[in-house]
Amino acid sequence: QILDDAKDVYSCESTSLKGRFTDLINNKPNIFIIWAMKKATLEHKGRLHEIMCGKKPHTRDIEFLFRLFETSGVLKSVIRLYGFFLNRADMAASSFPASAGRDKLKEIVRTMLKWPHG
């Protein structure tokens, strides 16, 4: 789920919002919204609530949310959490008996660990 939420925010580097922020556009709370509500100022919490409880957010609302995610440290926190769980998955896979399946799983986890950094 964390990966799915992160892909929603990081899916496209272009200036177009098409295909990006679909959870937010559809007013579906994700890990970024949940953590932003925890870390935001009262003023920002009010704005978050307004956006998430209203009709489909406008582009400027999405831009506000992304800036809030950056300035509140939410983006970095989610990336750290993502890395934590992937490292745990890698450790768990290492305990499996040697097999082609285990090697494939470890390859997938290691590839995912490179995202979104490289």
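**Before you click**

This is a predicted model, so to speak of local features a pLDDT of at least 70 is needed, side-chain atom pairs count only at pLDDT 80 or more, and totals for chains, interfaces and linings use all residues. Residues are numbered from 1 along each chain as its sequence is written, and side-chain values use heavy atoms, with hydrogens and water left out.

**Stop 1: the whole chain**

Of the 118 residues, 33% are buried. Here buried means under 20% relative accessible area, exposed means over 50%, and partly exposed is in between (1.4 Å probe, protein chains only).

One more overall number: among contacts in the chain with a separation of 6 or more, 58% are between residues 24 or more positions apart. A contact means heavy atoms within 4.5 Å.

**Stop 2: the core**

Select Leu24, Phe32, Ile33, Leu48, Leu65 and Phe69. Of the 25 residues in the largest nonpolar core, these six touch the most other members. Such a core is a set of buried Ala, Val, Leu, Ile, Met, Phe, Trp, Tyr and Cys residues joined through side-chain atoms within 4.5 Å. Helix H1 (2-10), H3, H4, helix H5 (59-71) and H6 each give two or more residues to this core. The largest share, six residues, comes from H5. In soluble globular proteins, nonpolar side chains tend to be buried together.

Zoom in on Leu24. Leaving aside neighbours within four places in sequence, Leu24 is in contact with Asp8, Asn30, Ile33, Pro57, Ile62, Leu65 and Phe69.

**Stop 3: the start of H3**

Next, select Asn30 and Phe32. At the start of H3, a side-chain oxygen of Asn30 comes to within 2.9 Å of the backbone nitrogen of Phe32. That is a polar contact: a pair of N or O atoms within 3.5 Å, where within protein one must be able to donate a hydrogen and the other to accept it, and residues adjacent in sequence count only if both atoms are side-chain atoms. Within H3, Ile31, Phe32, Ile33 and Ala36 are buried.

**Stop 4**

Move on to Thr41, in the loop between helix H3 (31-39) and helix H4 (42-53). Is Thr41 buried or partly exposed? Thr41 is partly exposed, with a relative accessible area of 43%. The Thr41 side chain reaches the backbone nitrogen of His44 at 3.1 Å.

**Stop 4: charged pairs**

The structure holds six salt bridges, each a side-chain nitrogen of Lys or Arg within 4 Å of a carboxyl oxygen of Asp or Glu. Side chains of opposite charge can pair when their charged atoms come close.

Select Asp90, in helix H6 (residues 74-94). Which residues does Asp90 touch, not counting those up to four places away in sequence? They are Lys106, Val109 and Arg110. Lys106 and Asp90 meet in a salt bridge (2.9 Å, N to O). Lys106 lies in helix H7 (residues 100-114) and Asp90 in helix H6, so this pair ties together parts that are 16 residues apart in sequence. Both ends are buried: Lys106 has a relative accessible area of 9%, and Asp90 has 14%.

Asp90 also forms a salt bridge with Arg110, the closest N and O atoms being 3.6 Å apart. Arg110 lies in helix H7, so the pair ties together parts that are 20 residues apart in sequence. Arg110 is partly exposed, at 44% relative accessible area.

Last, select Arg47, Glu50 and Asp61, which are linked in a network of salt bridges.

Notes. Helices (H or I, at least four residues) and strands (E, at least two) are DSSP runs, numbered from the N terminus.
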